[in-house]
Each structure stands twice: as C-alpha cells, then as structure tokens.
Amino acid sequence: GFGGLGDVFDMFFGGGGGGTGTGRGPRSRVRQGADALLRLDLTMTETALGVHRDLSVDTAVTCDVCSGDGCAPGTRPRICDTCQGSGEVQSVQRSLLGQVMTSRPCPVCAGTGQQIPNPCPHCGGEGRVRARRTIPLDVPAGVEDGMRIRLTGQGEVGPGGGPAGDLYVEIHELLHDVFTRDGADLHCSVTVPMTAAALGTEMTITTLDGEQQRIEIKPGTQSGSKITLRGRGVVHLRETRRGDLHVLVEVRTPTRLDGEQEKLMREFATLREENVAVGSPRGGFLGRVRDAFNGRP
C-alpha cells in the first residue's frame with residue numbers, strides 16, 4: 001500500500017531507482033519577472049483631491065538588441081553538450097540497498113538544456129538590461145498614507161525576456177501645516193480673542209482645496225468648542241462625496257493688561273458680581289474672569 005522502492009527514492013533523492021530518471025525535462029530559460037516597489041511622497045492636498053505624476057523608475061527591461069533571447073545577432077542557442085538537452089545530469093551512488101541513481105539540474109546550462117555560445121554583447125546573455133523609463137500615474141482622490149497602487153506589468157522583466165512583474169507605488173502623505181487627517185475628515189484649529197468669543201464674531205478660513213469659507217463664532221463660545229463644515233473634507237476613495245472639516249475653537253485669554261485695561265476688566269467683573277481680591281484661593285481676578293467665561297459659579 002506504500003508503493004515501490006522507486007517512489008521512496010523519488011521522495012528522498014529526486015530521482016528513481018533501477019536506473020530511471022525523473023522525466024521532468026529541461027527548465028525554461030524564460031521566467032516571470034519580480035515585482036518592484038516605489039515610494040511616492042505626496043502633499044495632503046494631492047492625496048485628498050488626486051494628482052497626475054510621471055514616475056521615473058529604474059528596472060530591468062527586455063534587451064532591444066537580442067529581443068530577450070540572450071544570443072548575439074545572427075546566432076541561436078544550441079543543445080547543451082553536458083546533459084544533451086535534458087536539463088539534468090545523473091549520478092550513481094552505492095549504498096546498502098545497492099546502486100542509487102539521482103538526478104540534479106545540469107550545472108552547465110542551469111537546467112535549461114541549452115547553451116548560448118555567443119551571448120548578446122549588450123545584455124551578456126541575460127535577455128534583459130536595466131534602464132530608466134517614465135511611467136504615467138493618475139493617483140485617485142482619497143488615497144491615504146501607506147496605501148499601495150498596483151501597476152500591472154510595470155515591474156522587472158524576467159530572465160530570458162520573460163513577462164514583467166508588477167510595480168507597486170506606496171503612498172507617503174506629507175504632514176500639513178494646518179490640517180490633520182482622519183480618514184476622509186479633516187481637523188484644524190482657530191484662535192479667537194476672549195472678547196470675540198464672548199460677543200460672537202465671524203471669521204474666514206482657507207480650506208484644503210484653497211477656497212475661502214466663513215465660519216460663525218457664536219456669542220459665549222467656549223474654548224474647545226468644535227464647528228463642523230459638512231462636505232469640506234477629503235474625497236472618499238472611489239466615491240464622489242467628501243468628508244467633513246472640524247474646526248476646533250481655542251479662546252485666547254490675555255496674559256498682560258495695562259492699567260486702563262485692568263480697570264475696565266475689574267469694572268466688568270464688578271457688574272457681574274465676580275470681583276475677588278488678587279491672590280485669593282480661586283486664582284485671583286483673572287482666574288475669576290476665566291471662570292465666568294467658562295460658565296463656572
């Protein structure tokens with residue numbers, strides 16, 4: 001039920017018992033090329049809205065002198081003298097079980113069964129050379145940091161002029177001075193004076209795509225409040241809708257007051273019955289003013 005001794009020898013020695021070979025035949029000189037990886041730095045605006053780039057890549061391409069067969073012009077490969085075209089050489093070893101014949105790839109032709117007596121002077125018989133070329137790439141809107149774009153057949157050409165592998169372009173998104181990104185949503189912050197937060201105001205911000213957008217700071221706005229602008233974020237990948245832009249409001253409290261300003265602030269605190277002595281446990285006069293704007297008793 002376990003087969004003959006020939007199966008056992010095939011398993012352990014790659015050959016057969018009793019003088020038989022493997023029968024696998026020669027290997028092909030033409031093999032699939034490897035994939036290539038390229039890193040592409042893009043700004044957040046480019047990843048959010050999409051961009052066209054011409055990529056300069058250095059990969060193996062088919063030799064244009066021999067068209068990939070590795071032979072000098074006017075010549076052809078010949079059958080290997082060592083293996084007689086089988087791609088394998090056999091050896092006989094003595095063991096306790098008798099003579100064992102094993103097969104291995106021919107070291108002269110690397111198992112292809114062919115020799116190139118006159119290699120191509122341009123590629124040295126490899127059938128491929130390294131060259132720099134330009135590949136157009138349309139980066140879709142909404143790609144994120146770390147994503148890879150696959151370009152089929154734009155990688156390394158294989159030995160013997162074999163089919164090329166794929167080129168993977170890995171996106172690296174550069175940091176933005178104003179915005180941070182969370183998927184399709186954008187985040188930024190604006191700073192407003194304490195008086196503007198108390199009385200309310202309007203201000204203009206520049207969105208990621210360069211448009212001017214007015215936002216309203218409502219009276220009594222507290223530091224840490226968020227204003228959401230719908231549809232002003234990043235385009236969703238493979239969709240037309242966009243994410244949102246979230247604006248964080250930071251209220252700026254003055255750190256220094258001149259005499260007149262401090263007098264007016266004290267009068268204001270008195271009107272609100274919030275005036276306390278400087279250095280009190282509640283943090284002094286300015287501390288009480290901040291408490292008032294933060295809604296504390």
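C123 has a relative accessible area of 11% and is therefore buried, a label given to residues under 20% relative accessible area, with exposed meaning over 50% and partly exposed in between (1.4 Å probe, protein chains only). This is a predicted model, in which local features need pLDDT of at least 70 and side-chain atom pairs count only at pLDDT 80 or more, while totals for chains, interfaces and linings use all residues. Residues are numbered from 1 along each chain as its sequence is written, and side-chain values use heavy atoms, with hydrogens and water left out.

The structure has zero disulfides, a disulfide being a pair of cysteine sulfur atoms within 2.5 Å. For C123, the nearest cysteine sulfur belongs to C66 and lies 3.6 Å away; C123 is in no disulfide. C106 is in no disulfide either, and its nearest cysteine sulfur is that of C109, at 3.7 Å. C106 counts as buried because its relative accessibility is 1%.

Next comes a sheet. Strands here are DSSP runs (E, at least two residues), numbered from the N terminus, and two of them pair if DSSP finds at least two bridges between them. Four strands form an open sheet in the order 10-11-15-14, and their pairing is mixed. At its edges are strand 10 (180-182) and strand 14 (226-229), each pairing on one side only. On average, neighbouring strands of this sheet are turned by 30° against each other, direction ignored; the axes are lines fitted to C-alpha atoms, and angles run from 0 to 180 degrees between N-to-C directions.

Strand 10 runs antiparallel to strand 11 (residues 185-193), and three bridges join them. R181 stands opposite L186 in strand 11.
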